[in-house]
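Student: Please show me how to read local features and packing, one at a time. I'd like the general idea first and then the case at hand.

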Amino acid sequence: MSTLTGQTREPAAPGARTGNGIGDDARRPDGTQKVAGRFAFSSDLWADGMVWGATVRSPHPRARLISVDPSEALRIAGVYCVLTHEDVPGQKTFGLEVADQPVLAMGEVRYQGEAVALVAADSPETARRAVAAVRVEYQPLVPVVDPMKAMLPTAEKVHPSGNIVRHFKLRSGDPLAEAPVVVSGEYEVGMQDQAFLGPESGLAVPADDGGVDLQVATQWLHVDRRQVAAALGLPEDKVRLALAGVGGAFGAREDVSLQIHLCLLALRTGRPVKMVYSREESFFGHVHRHPARLRYVHGAGRDGRLVFVKAEMVFDGGAYMSSTRAVIGNAGTLGVGPYVVPNVSVDAYGLYTNNPPCGAMRGFGAVQACFAYEAQMDRLAEELGMHPVELRSLNAMAQGSLMPTGQVVDSPAPVADLLRRVWQAPLPPPLPAVAGVATEGLLPGGMANTTHGEGVVRGTGYAVGFKNVGFSEGYDDYTTVRVSLAAGPDGPVATVQSAACELGQGLVTVETQVVRSELGLSDVVLETADTRVGSAGSSSASRQTYMTAGALREACARLRAGLLARAAARLGVPEPDLSWAHGEVLGPERAVLGLSELLEAGPLEETVEWRHRPTQDVDPETGQGDAHVQYCFAAHRAVVDVDTELGLVKVVQIDTAQDVGKAINPGAVIGQIHGGTTQGLGLALMEEIQIDAGRVRNPSFTDYLIPTILDVPPMRVQVLELADPHAPYGLRGVGEAPTISSTPAIVAAVRAATGRRLARVPLRPQDIVGLDEAGAEGGPSR
Amino acid sequence: MDFHYPRSWADALALKAEHPEAVPIAGGTDVMVELNFNRRRPAALLDISAVPELAQWDRADGHLRVGAGVSYTRLVRELGPQLPGLAMAARTVGSPQIRNRGTVGGNLGSASPAGDAHPPLLAGRASVELASVRGTRLVPLDEFFTGPKRSVLAADELISAFVVRPAPGPEQFCKVGTRNAMVIAVASFAVSLDPERGRVGTGIGSAAPTPRRAGGAEEFLEAELAAAGMWQRPRPLPGPVLDRFAELVTASASPIDDVRGTAAYRRHALAVMARRALSWAWADLMRN
């Protein structure tokens, strides 16, 4: 085991020797381009003769679609076509799990912003005017917007199948178990947006074979292709996708947004078609994090040992299913947190409503549950008079523990150790004792000069969380890679072909690092991620490093076997007499054959389809089953200063401890932990899509606030590397864990500073000062 | 969309007279956002960023006349000591990039109730200089705003400058937003003290249909301070005076619930800010 600690890690000095193999701080190949503004993002795509696509969207959260009249739009010079659902040649609906969403609205629109028609025109401005000129007649209907009402049998149905997308049930132990100490609470999580910086964009080019080539920023090329091909009525091999430069994803690019639309327009116009969503349109163009209401009852012995947890969670999935089923599976199976609980009852519901569709976002169901169960753990600690870390450590899961699903945790689960590490980390200097001194930017309110110390109280909070890595519940989750090895003018060159998507998370360095280490060479070429090879699965669920590293390791092993066979033939010795070391084959009597010599006979190539160990579907009545591949764990301690009179918060310091199994690229790991922690800070303090009667009130970065550098405190990160024996190189997925516990840690710190219950995130100033009845439920707790 | 690009003030005024529908643009930090969001599609833009007269400020007759095209960054650097309240507000505007481009003239032209420059200018009793081919007029700022994003600016007029006395005493500005930088005011407050004349100035932002003064609070405090001889012999302000001042500031507001905050919170925050800002300004006065 090793521990990496870093606040900020210095990149290697120019000219310094960096191994750039596994465990090295490999530099991003696209880093300089991105910093210098030269990287080509998907919005920079261009083709000769291309036209611009744009989308007509419903202004109503729910309405009957009476008619679409394109005639006025078609009279505008420069407009090529206007398409409606009647122009969708194949399957008219799409969806990640279930095809329940119309490519273009049919019969009824179910959320504000639903795509109704498409236009193609010679410029973005003409396209915009054409969109405004398409006459759509709606008959508005009363939208179903309250999830608590939507789940009642009497509720109006958003879809004919009913409003309950999934009811996950978990029952373990004694349903009647009682405990001497009981705390209960109701919690609410608002709708967070992934807020990636590069809005949806892509370019579709019609091909001579009747097919289409699509370049797009996405998380999963093959699941896009499946849905595009179905909607176009084309065989999949006629639909070719390539990854364009991705400006962040965080789950929001797992669903189809403009992929099908671009291809429909390209095939209709016979021209390349480009689409770029504006920032405002982007808020309507992708799914968000499910808002949730959660009710928990925790029972414990007087010694603090958990006896039972009962939870009811209601997740609003909005108008279409997206990945709601899987999100509910996570919330349900992970719903009591990384603790050992003998008696558990969980009911988790995912719903249809006429609110914006919700789906994948970093933390995927684990975030909402963790906010609630960690608040409960703090209340229990308070009730018992225990330190919150002591109570958590006492109940912490460890290797060998049983999940409430009956699954054995069969790799390191250092929950107590992570908590201890953040607990013992050095604290920041205390608040200045004297008020009345202006300290620019350092106090709550930041630059806006709202306090010189008046009303400011410091608080400290702790939280730990966990999440599954990879796709769960029996999903056949695999990744394909093709690695070829050939002699080049300057030595051997390995070429990697993969459809795995680089989103900014650093997969590109992982790919080269694994191949370098496994083949002992320096020259690794990454081809553009595209559909010429098989599916890599999604760059989501913290799985892509795990999966692609596993697949590449296997491909490299097979290549080495091929090289050994060549060496055996050449040296005339049996293969077992040969060995592999640092890119060379060693034979008897000091015979050495280098890669270049072995490749004289021609290149070698291996294609591997690699799977993680299988998982099981859970029992529908009890939630029992080996649902997950692996867990990732992180703990946070947040120190905050709260202006208790104005309700403003400055996070002073956040310490994170996370087990990553093996840091393939330590610098990138620290970056992921910084970023994930910050995204959790955003949910704690400011990030919320506000919905009123099904309508989004703040679709802009003016009013959907994300943290600035003045909101993000110094972060000390402790990285543990406890190898998971079932995983390639022992690694654990990294990306999501830090997002999960930073939110409850910050809120716990604000509770400590204010003494208020604060049962809802994001915290609003009016909740913190106690003006809002809902947010300040119960009033001061001490 | 037509684009006019005058290089002199005379040309700018002539163009505005000829094309009253043309929307003036300087830094573009408001106008370009509106265009981007498709909220307005003006027939023409009048880019006044190359008019040299607008980028100047000078001092005459005991007043500062600051050209409408002076950026927030320049305000902070060049006029910080003379207009401390406005400089404090300017520091809270957007990001460094926005402050490099944005101008007080644009802030006034947009006439948003949330404009950061408005409360300190109101507190300092500034006037706005409006010009057209018909001539120039000086409008006291508290008569300039007529409603949310509306002002007395005529269709053929451009804002040429604001005119204000250099701060005669301590000034303070504070602004509440839900993050620590780059945030639009949920509520803001400015106070200005003039010990020579025995005057108190205030300005409140984002808490009424227009930025406005809290006249009742100004009068109350002026009377209290005069009666107690506090201007001559400053002593710590009694708690009840601070409380009443805060109460009267809040009474001048008529906030609404919107996406950035509730009316109740805005009232509450104004009271806290009024009390704190006044106590800081008064402490500055006592120190000097």
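Reading the model step by step

Tutor: Let's start with P762(A), which sits in the loop between β32 (760–761) and α17 (765–769) of chain A. Helices (H or I, at least four residues) and strands (E, at least two) are DSSP runs, numbered from the N terminus. This is a predicted model, in which local features need pLDDT of at least 70 and side-chain atom pairs count only at pLDDT 80 or more, while totals for chains, interfaces and linings use all residues; side-chain values use heavy atoms, leaving out hydrogens and water. Residues are numbered from 1 along each chain as its sequence is written, with chains lettered from A and ligands numbered from 1 in the order in which they are written.

Student: What kind of peptide bond joins V761(A) and P762(A)?

Tutor: Most residues other than glycine have a negative phi, and most peptide bonds are trans. The bond joining V761(A) and P762(A) is cis, with omega at about -5 degrees.

Student: Now helix pairs. At what angle do helix α15 (residues 666–685) of chain A and α16(A) pack?

Tutor: Axes are lines fitted to C-alpha atoms, for helices over the stretch in contact, and angles run from 0 to 180 degrees between N-to-C directions. α15(A) and α16(A) pack at about 45 degrees, their axes 7 Å apart. That makes the pair oblique; angles under 35 degrees count as roughly parallel, over 145 as roughly antiparallel, 65 to 115 as roughly perpendicular and the rest as oblique. Their crossing is right-handed: a crossing is left-handed if the near helix is turned anticlockwise from the far one by less than a right angle, and right-handed if clockwise. Residues of α15(A) in the contact (heavy atoms within 4.5 Å) include Q672(A), G676(A) and L683(A), and those of α16(A) include P738(A), S742(A) and I746(A). By class, this contact has eight nonpolar, eight polar and no charged residues. Ala, Val, Leu, Ile, Met, Phe, Trp, Tyr, Cys and Pro count as nonpolar, Asp, Glu, Lys and Arg as charged, and the others, Gly among them, as polar.

Student: How do helix α9 (residues 366–384) of chain A and helix α10 (residues 388–395) of chain A cross?

Tutor: Their axes come within 9 Å and cross at roughly 110 degrees. α9(A) and α10(A) are therefore roughly perpendicular, and the crossing is right-handed. Among the residues in contact are M377(A) and L384(A) of α9(A), and L391(A) and R392(A) of α10(A). Six are nonpolar, one is polar and three are charged.

In chain B, helix α8 (residues 215–227) and helix α9 (residues 239–252) pack at about 155 degrees with axes 7 Å apart. That makes α8(B) roughly antiparallel to α9(B). F220(B) and E224(B) are among the residues of α8(B) that meet α9(B), whose own include R244(B) and F245(B).

Student: In what order do the strands of the four-stranded open sheet in chain A run?

Tutor: The order is β22-β21-β20-β26, with mixed pairing; two strands pair if DSSP finds at least two bridges between them. β22 (523–526) and β26 (604–611) of chain A are the edges with a single partner each, so one side of each has no neighbour in the sheet. Neighbouring strands are turned by 20 degrees against each other on average, direction ignored. Strand β20 (residues 478–488) of chain A pairs with β26(A) in the antiparallel sense over eight bridges, and T480(A) stands opposite E609(A) in β26(A). Helix α12 (residues 507–519) of chain A lies across β20, β21 (491–498) and β22 of chain A, at about 145 degrees to β22(A).

Student: And how many residues of strand β19 (residues 456–469) of chain A are buried?

Tutor: Eleven of the 14, so β19(A) is largely enclosed by the rest of the structure. β19(A) pairs with strand β27 (residues 630–643) of chain A over 14 antiparallel bridges, where V464(A) stands opposite A635(A) in β27(A).

Note on methods
Buried < 20%, exposed > 50% of the residue type's maximum accessible area, 1.4 Å probe, protein only.
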